[in-house]
Amino acid sequence: MGRLTVAAAVAAWAIPLAALVDSIVPDPYMDEIFHVPQVQRYCRGDFLIWDPMITTPPGLYYISLAYVASLFPGAWVTRIAEAFDALCTTALLRSTNVIMAMICGVLVHDLLLCIRPKIGKRKATAFAILVALYPIHWFFTFLYYTDVASLAAVLAMYLFCLKKQFWVSAAFGAFSILLRQTNVIWMIFFAANGAIAHAQCLYVKDNVCYENSELTDKSNKEASHMDNKTTAPGFTEEILDAIFKLWNSKCEVLIAFIPFAMVLLVFVAFIVWNGGIVLGAKEAHVVSPHFAQFLYFGLVSAAALLPWHFTPTRLSDLFHCCRKNKTYSSFAILVALGLSLVAVHLFSIAHPYLLADNRHYTFYIWRKVIQVHWMMKYILTPVYVYSWFSIVNILGKSQTRLWVLSFVLSVALALIPAPLVEFRYYTIPLVILVLHSPVISNVKLLALGFLYAAVDFFTLAMFLFRPFQWQHEPGTQRFIW
């Protein structure tokens with residue numbers, strides 16, 4: 001019933017609101033002006049023409065083709081190109097993401113039950129609905145963007161990796177890369193931690209006859225402590241332990257995870273052939289050392305997960321944690337502050353799109369917050385550091401330090417090369433944070449859900465009912481994330 005409840009809840013708001021969006025904004029808007037004509041070419045059977053302004057592979061278009069074909073099998077079977085093309089309207093293409101949003105909700109539900117079996121179906125259902133309401137994910141459910149489908153593919157990849165169905169997981173990993181190239185980082189993250197967990201399970205079975213251990217981070221951590229029950233191993237010992245167990249089961253691990261290696265090799269070949277990771281508009285998406293982006297993610301994620309990170313209890317927990325080892329904590333905080341100051345001073349990139357496009361909320365955040373005074377970007381560094389310390393501390397309560405380190409590195413690899421500040425890029429790592437954050441009370445969950453809903457309807461109302469005009473360009477402009 002949990003899956004059905006989540007899917008029904010998402011459909012209950014997504015379907016009528018999608019119809020409202022289509023009635024008020026029937027024509028393609030923003031990035032849709034590139035995506036919609038491209039997929040309509042595919043609907044006509046023209047797969048050889050590619051819009052040079054599109055940066056991502058055609059994974060979403062393949063999903064839409066399959067979706068339209070499933071709704072109208074007659075047009076597909078008879079191969080009437082004109083009839084099939086007429087079916088690929090903007091409204092129908094946008095509805096692809098409504099289906100993807102429902103799938104995302106179900107996947108989050110299943111992942112929570114897989115990672116935290118004791119959470120219960122009711123709590124997993126509530127968390128899944130909360131993720132579906134997350135404002136940026138929610139907003140792009142109604143437009144023809146790649147974000148919702150990309151999240152669905154990544155979550156499916158993670159779920160099947162946890163279930164040890166590695167070929168299926170790698171297949172979803174390959175498809176997630178067809179939706180967005182940076183998903184290769186999350187494939188490597190899941191595969192690497194899956195390989196360590198798999199080696200742990202094999203080691204436990206071989207040495208202590210512990211069978212049927214589950215591929216969850218909790219069991220992973222328990223298994224890593226089998227050799228030393230009285231004291232937790234240091235970080236170096238943890239790394240050496242993982243290396244030893246991987247080496248001990250190298251043949252089994254290599255055989256199990258070879259599909260991920262195959263996908264990675266094909267992706268590397270694509271980069272060599274393409275001359276870079278971006279398909280089109282390469283001059284506007286040059287890889288840049290945007291270290292400040294890493295800091296922005298920490299603050300945005302901590303703020304979006306307010307009950308976990310910005311409460312008196314959380315502040316008290318972090319304070320007591322720092323007091324346990326004052327020397328180390330003081331050193332870590334000073335280093336983090338120093339590196340953050342360097343990042344915002346030398347590696348805070350203002351992309352031309354960010355400075356010129358007043359349709360995005362990031363335009364106003366940049367001007368009214370970060371650039372309101374020359375000191376503001378430095379004043380914010382303690383908040384960035386606090387956010388990241390809180391994230392790492394919470395993850396460290398349920399995950400191994402190696403898992404936490406690999407997550408932080410994955411976030412850095414996914415975000416730092418991107419010169420443009422786009423909150424859409426933060427969605428996948430933020431959902432992974434939710435999946436591995438402690439369970440909170442129903443009251444806090446409900447309060448956060450209402451907060452998300454308020455932001456959702458505000459941003460949708462601004463998009464639909466507060467259009468404006470540009471003097472230098474014809475057409476109606478609308479506010480968007």
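Asp147 counts as buried because its relative accessibility is 11%, under the 20% cut-off. This comes from a predicted model. Arg180 is buried too, since its relative accessible area is 13%. The side chains of Asp147 and Arg180 meet in a salt bridge, with 3.0 Å from N to O. Asp147 lies in helix H9 (residues 147–162), while Arg180 sits in the loop between helix H10 (166–179) and helix H11 (183–208), so the pair ties together parts that are 33 residues apart in sequence.

How many salt bridges does the structure hold? There are nine salt bridges. Among them is the one between Glu32 and Arg94, whose closest N and O atoms are 2.8 Å apart. This pair links distant parts of the chain. Glu32 is in helix H2 and Arg94 is in helix H6 (residues 90–115), 62 residues apart. Glu32 counts as buried because its relative accessibility is 0%. Arg94 is buried as well, at 2% relative accessibility.

Arg359 forms another salt bridge, with Asp357. Here the closest N and O atoms are 2.8 Å apart. Both partners are buried: Arg359 has 13% relative accessibility, and Asp357 has a relative accessible area of 11%. Elsewhere, salt bridges that share partners join Asp147, Arg180, Glu422 and Arg424 into one network.

## Helix H2

Helix H2 covers residues 32–43, twelve residues in total. From its first C-alpha to its last, H2 reaches 16 Å. That is close to the 16 Å expected at 1.5 Å a residue.

Which residues of H2 are buried? They are Glu32, His35, Val36, Gln38, Val39, Tyr42 and Cys43. Seen down the axis of H2, these buried residues fall within an arc of 165°, so they line one face of the helix. An α-helix has 3.6 residues a turn, so residues three or four places apart point the same way.

## Positive phi values around the helices

Most residues other than glycine have a negative phi. Met30 has a positive phi of about 55° although it is not a glycine. Met30 lies in the loop between helix H1 (2–24) and H2. It counts as buried because its relative accessibility is 9%. At the other end, H2 is followed by Gly45. The phi of Gly45 is also positive, near 85°.

Lys164 is another residue other than glycine with a positive phi, near 65°. It lies in the loop between H9 and H10. Is Lys164 buried or partly exposed? Its relative accessibility is 29%, so Lys164 counts as partly exposed.

## Helix H24

Helix H24 spans residues 427–435. Nine of its nine residues are buried, so H24 is largely enclosed by the rest of the structure. The buried residues are Thr427, Ile428, Pro429, Leu430, Val431, Ile432, Leu433, Val434 and Leu435.

Val434 lies in H24. It counts as buried because its relative accessibility is 5%. How are Val434 and Leu451 placed, and what separates their C-alpha atoms? The two residues are 17 residues apart along the chain, and their C-alpha atoms are separated by 16 Å.

The crossing of H15 and H18 is left-handed.

What is the hand of the crossing in which H15 passes H24? This crossing is right-handed.

Methods. Residues are numbered from 1 along each chain as its sequence is written. This is a predicted model: local features need pLDDT of at least 70, side-chain atom pairs count only at pLDDT 80 or more; totals for chains, interfaces and linings use all residues. Side-chain values use heavy atoms; hydrogens and water are left out. Helices (H or I, at least four residues) and strands (E, at least two) are DSSP runs, numbered from the N terminus. The expected span of a helix is 1.5 Å times one less than its number of residues. Buried means under 20% relative accessible area, exposed over 50%, partly exposed in between (1.4 Å probe, protein chains only). The arc is that of the directions from the helix axis to the C-beta atoms. A salt bridge is a side-chain nitrogen of Lys or Arg within 4 Å of a carboxyl oxygen of Asp or Glu. A crossing is left-handed if the near helix is turned anticlockwise from the far one by less than a right angle, and right-handed if clockwise.
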